[in-house]
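Subject: Structure handover

Hello,

Here is the structure we talked about. My notes follow below it.

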Amino acid sequence: MQSRFTFELDGETYHVDGEPVNRTLAAHLHDCGFGRDDRFRNPDPWLGGAPLILLDSDGHGRPALRSIDAALTLLPTVAGRRLWSAEGLVDRASGGDTHPALERVNAHPEVECTWAGRARLITALFEGYYRADLELAGQINDQLDGCLSRTAYYEAMRDIATSLFGESQKRRHEAKQGSEMQGNADAFEQGRVDIFGDEFSALLAGDVPEPEDFSYVDAEKRRFYRPQTIVDLAKLLAQFPKAIIVGGSADLLQGRAENDWDCLISTDGVGDLRALYDHEDHWDIGAAAPLTSINEILGQPYPALGKILRRFGNRSIRNRITLGGILGSGRQDGEIAPILIALDAQVRVISLEGERDIPVARFFEGNGKTNLRPSEVIADIILPRFTADVLKSRGCQVRICETYKAAPRRELGTGAVTAAFAVELDTKGHITHAWIAYSGVADRPFRTRDTEAALIGKPWTEDTIFGVLPTLSREIQSAPGAKSPTPGMNESEFEYRRQLVITLLQKFFYQHPKGDGSPVELGAISEVIQPKRPLFQPPSAV
Amino acid sequence: MSAVGRGIHGHQVELVARLVTSPHAAGSITSKNAAEARKLPGVALVLLAEDLGDKNRFRPLRADEPLLADHEVSYLGQPVGIVVADTREHADAAAALVEVRYHVSPATTNLEHALALQHFHGEATSITRGDPGTAIGKSPHTFEGTLDIGSQLPFAGEPLWARATPTEDHSLIIQTPAELPSRVRAAIASAVKVPESHIEVVPARIEGLSGGRQSEAAYVATLAAIAAKRTGRPIRLELSRTHDLAITAKRHALKAEFEVGYNDEGLVLGADITLTLDGGHRRGDSDTALDQAMLHGDGAYFVADFRVTGRLCRTNHVTGSSLPAEGAAQGAMVMEEILSQVAHRLGLPTEKVRETNLYRETDNRHSTPYGQPVDCDPLQRLWSDLLNRSDFAIRRDAIIKANAINPCYKRGIAVVPAKFGVGDPRAERNQAMVLVQLLVDGSVCVRLGCIDAGDGLSQRVAEEAAAQFGVHPSQVVVRCGDLHCTPHMCARIGSDTVGLMRRAVADASAALKSRLRPIAAQMLAASGANEIDAETIRFADGKVGTGAQTTTTLTFGELVDAAWRRRTNMTAIGYHRTPNLWWDREIGAGWPFSGFVYGVAVVEVQLDAFTGEVQVLRADIMHQGSSAVGASHDRAQIARALQLGLGWMLHETVAWNTEGALCQDSARSYAIPGFGDAPLQLEIDLVPSPNQPSEFAAASGAESAVFLASAAREATREAIRAFGTPVNRHIEVFLPAPATPAAVLAALREMSGRLTASAAGG
């Protein structure tokens, strides 16, 4: 057990000695007098927080520069790690060139009145600049969704992002061509080519920073552990049954950092828990894999999952928060649970006694309660693969899956209602299996089994959907905790949620009327922003 | 008098202050006991109302309001006591031990409630032209209606705080993010009985201009100052977000009731409008909001026989006039509602009806009901230019076609004009002072008392000074928030700060240049030039010469240096006040504004019939403003104001529960617009106005665009109507503001219900 540690910020080493384990990085930086404004004094994660850049790893196991919110990061979690602030984004290798992200924002002070807001924009632009997968105009929203304030000029921010990311994709393209000519294409594919020729790019081309095994005790004798293996984690949990598991610090987002947290166990160092494993008939999603990493791997094969992952919190929250943390907190308004139910996912929990798998719908037991026993920890989320063979073996031909989040604003808001639906149709277009799940209408994510049963064997038509609506309505009203509005919710909001239960199922049908799995574009947004437009279009080969 | 230095007690550790607040929105205090709290370790001070004696008044602003609640509480979160301790933990523990007992009364939590109880602040006042009652009676068509507009929270980036530091010479240094530092100083001076001259306010960097930092900053700073004065130690008082929201002035919710007469062309012949504003627990600043609402009750439209009556309701929360376009935006929205309803009743396009009713030079339709003339040409030109430039007609036709084939998503488009009064009906807010200093190298320092909110004020002032002295803007530094040099200042929101400041700079520059010209003439003559008339001396490109002598070698720096050596005062005060302003609330007449600025917005939205969610697809704004340097800042200001308005119109709901607690107590439960809510496409055209100095218009664009966002609500209404059938076009869509997804979905249900009913009936 050590009582001091260091981390590196903007190239300087910071020493921590006996600071409380439940202190946030933001609070510590504020006490150190860091930053030219009061950005770290009291940042509000629901307003974009106080982002920093962390050298971390991505879903493919390569180094990544990720924006994180210092207000949602417990101080000991950054032990031994490298961070940068918005102002510190200068290339020290080249003798102090300002990073293009910082340069752009400095040149356009009118896009944000406040330093805190500019810092959020700069870190979001910086992260996006190095993202290989940020290729389309429609992805800018997800990258910049932490830029939230009364003083933001969003449209100008979008313009800056479009041009900066376009340039970075151009350089990436040129570097790719260069590597191909030098016969280096493999290294490029593996991400081992220094594309931009700066300090940060060199780090990305290098090796993944592995968080070391680490344990820390603060001046109040509160402990923090960062084990390296699941077994060590389980042992610690057996030793300290009341310990708090720290993944992406989801609890901090709920405003909790209690003093009686006297033992914290971080999952950051457990490589197995942070990885995603591809099996023949399923995926194992490590409970400690950040949402961003999950989206990088599974966003394509599971578009509906990717869609809801990208709408959770904001980018810097998604870069830290984990499925284990979200499920473990047991919150009834969790917006990820419905899609996991529709994807027929299971939660694998382990302890020294062994492991057990729980279907997601049964994992929640209402009002923040879960099926998790003391000394158990969520290890994986098991996601079935719906290949043509799998479907065929079940006697069906196509699987249609979709999720919707209705929220007062598009990002960083808790959804009013999140719904997820899946149906499997046989060759005649009849429903063989159905999954219907909602959050935000009961005291837990709720699966409507009666309605599902009523759909089985019926044709995929408007009449079928309309036919089950009374059942659905009845079933939701009898869901646990669905009788009356929760405190803080007024009558019209309550009525609105009841409505959404019905209308979102209708939306699911109208978006997939053909029953062949290909959705219909319902709105006109794509005409306006062309989300599929590449940020950089290589000149066509002659 | 203080001859000693102003040293701060550097060795003294800052103490932490906490407020004890009322958990009830209304009631009387039956007992208070702080004995236990005072005994706690680390506690330096506990103050209750009785400890303040006759100083327990929030003067000079709201002399009727106690600083700490004494016998009554009138809103939830009202400060009852201050606790000062060495650490946060100790202060929290002590605050919890202060025992206050209440006799709770029923709270008046919203406008409807106050109206039912007939709780008002003062009497209703009116602005009347002609005889609306008779005109409406004689009109071919008439109707009555109501409109409800919700409140809005300013929601600054950080909760309010203040730091007060006593100095060795019995002065106080105050740091706080105040938009109006001179008000902070005045309030503190009155509360701690120290001359204003002994109080130094250092305005902390303020997070943009969304409001809620005028009286509330003065209030919090005064409490901190009292604690600092009593303990002799530096004090930091920091509010939680929840408490910040409770005590911060919110936008006034409004209920409008109207009676309208109109003809077949949609021309409104007579209108009688009653505006009821939620005036909160104290009258405070609400009079200004009421004035602004009434003065903008005509919108951009001429109604021959017109009456607007305004009154303030008394409720148990806090309202104020610190948000951009406060009052004005609510007032102007009523005419938009009326004209939409007229259009729908006649089956005419809404933009045609709006156009018919616009102020115009012809037919004597160019004077406001209170007598101030309207400059109609720019308004008419902006209107027709924007309809052209935004392809309004083409897009509307395309939308009708798209709506016909899309059963799930409908689009709507609407155009709304704004006529925004520049300045503040309070005449004292229409003045400005600056201090301009010339340094011997020819660089310029401009000092002003206004705070810089990072919104381009200092750049605009620097441009003006640079232009005046013919130097490069990089030679000019602008020091904002400098209360040493310019003690009086105007608030940023609600006043034409940029315009006033530039004129004050011009005033100071004229004085300085008149001192420099004779010296320049001598110097040029000495260097061999012919006899020079000092009046012909010009300042340009860092050089000084006569108009003809473009090849002069005399630089501005050399001239200033020489002037200093010849003992010339190189510092000047510049002052400007807007002439001829008056406003008489009693008779409802006056010339309250230095003029009007005009803007027009076209907004297109898309509505999701399943969720009621509205996405703004495109917004086009044409607004008077500068097209030269500084335009990027003007554009940004307009975009921000539009965003503020869009949030208010589309999703920011403010509600109080029956106990009088604000339901939206954090950034989580209160949804200000985010990146993804912004219009997918935004075109802002700034049009220089021939009749007015350009900066004049630009300054207010930041506020009038708040109102222009109401085009989004009108477009949403069009989209909702698109779910009806052509046969049922006359059916009115009732849509509150904000048109939240829940309200939109409810309106859709209501309409489909009535469609079914009317189909069954016919």
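A residue is buried if 20 or more other C-beta atoms lie within 10 Å of its own, exposed if 12 or fewer, and partly exposed in between, with C-beta atoms placed from the backbone. Helices (H or I, at least four residues) and strands (E, at least two) are DSSP runs, numbered from the N terminus.

This is a predicted model: local features need pLDDT of at least 70, side-chain atom pairs count only at pLDDT 80 or more, and totals for chains, interfaces and linings use all residues. Residues are numbered from 1 along each chain as its sequence is written, while chains are lettered from A and ligands numbered from 1 in the order in which they are written.

**Chain B, strands**

Strand E14 (residues 268-278) of chain B is mostly covered, with 10 of its 11 residues buried. E14(B) pairs with strand E13 (residues 254-262) of chain B in the antiparallel sense, over 9 bridges. Pairing here requires that DSSP finds at least two bridges between two strands. B:Tyr262 is set opposite B:Val268 of E14(B). The hairpin of E13(B) and E14(B) has 5 residues between its strands, and B:Gly266 takes a positive phi near 90° there. E14(B) also runs parallel to strand E15 (residues 305-313) of chain B, joined by 9 bridges. B:Thr274 has B:Thr309 in E15(B) as its bridge partner.

**Chain B, a helix pair**

Helix H17 (residues 631-650) and helix H19 (residues 710-721) of chain B have axes that come within 8 Å and cross at roughly 40°. Axes are lines fitted to C-alpha atoms, for helices over the stretch in contact, and angles run from 0 to 180 degrees between N-to-C directions. H17(B) and H19(B) are therefore oblique to each other. Angles under 35 degrees count as roughly parallel, over 145 as roughly antiparallel, 65 to 115 as roughly perpendicular, and the rest as oblique. H17(B) brings B:Gly645, B:Leu646, B:Met649 and B:Leu650 to the contact, and H19(B) brings B:Ser710, B:Ala712 and B:Arg713. Contact means C-beta atoms, placed from the backbone, within 7 Å. By class, this contact of H17(B) with H19(B) has 4 nonpolar, 2 polar and 1 charged residues. Ala, Val, Leu, Ile, Met, Phe, Trp, Tyr, Cys and Pro count as nonpolar, Asp, Glu, Lys and Arg as charged, and the others, Gly among them, as polar.

**Chain A**

Chain A has 21 helices and 20 strands. Of its 542 residues, 51% count as buried. The C-alpha atoms of chain A fill a box of roughly 70 × 65 × 50 Å along the principal axes.

One open sheet of 5 strands in chain A has mixed pairing and the order E2-E1-E5-E3-E4. Strand E2 (12-17) and strand E4 (63-69) of chain A stand at the edges with a single partner strand each, so one side of each lacks a neighbour in the sheet. Strand E1 (residues 4-9) of chain A runs antiparallel to E2(A), with 6 bridges. A:Glu8 is opposite A:Thr13 in E2(A). Helix H3 (residues 115-129) of chain A lies across strand E3 (51-57) and E4 of chain A, at about 25° to E3(A).

**Where the chains meet**

The contact takes 49 residues from chain A and 56 residues from chain B. H20(A) gives the most to the chain A side, with 10 residues. That side of chain A divides into 23 nonpolar, 15 polar and 11 charged residues.

Best wishes

Key. Contact = placed C-beta atoms within 7 Å.
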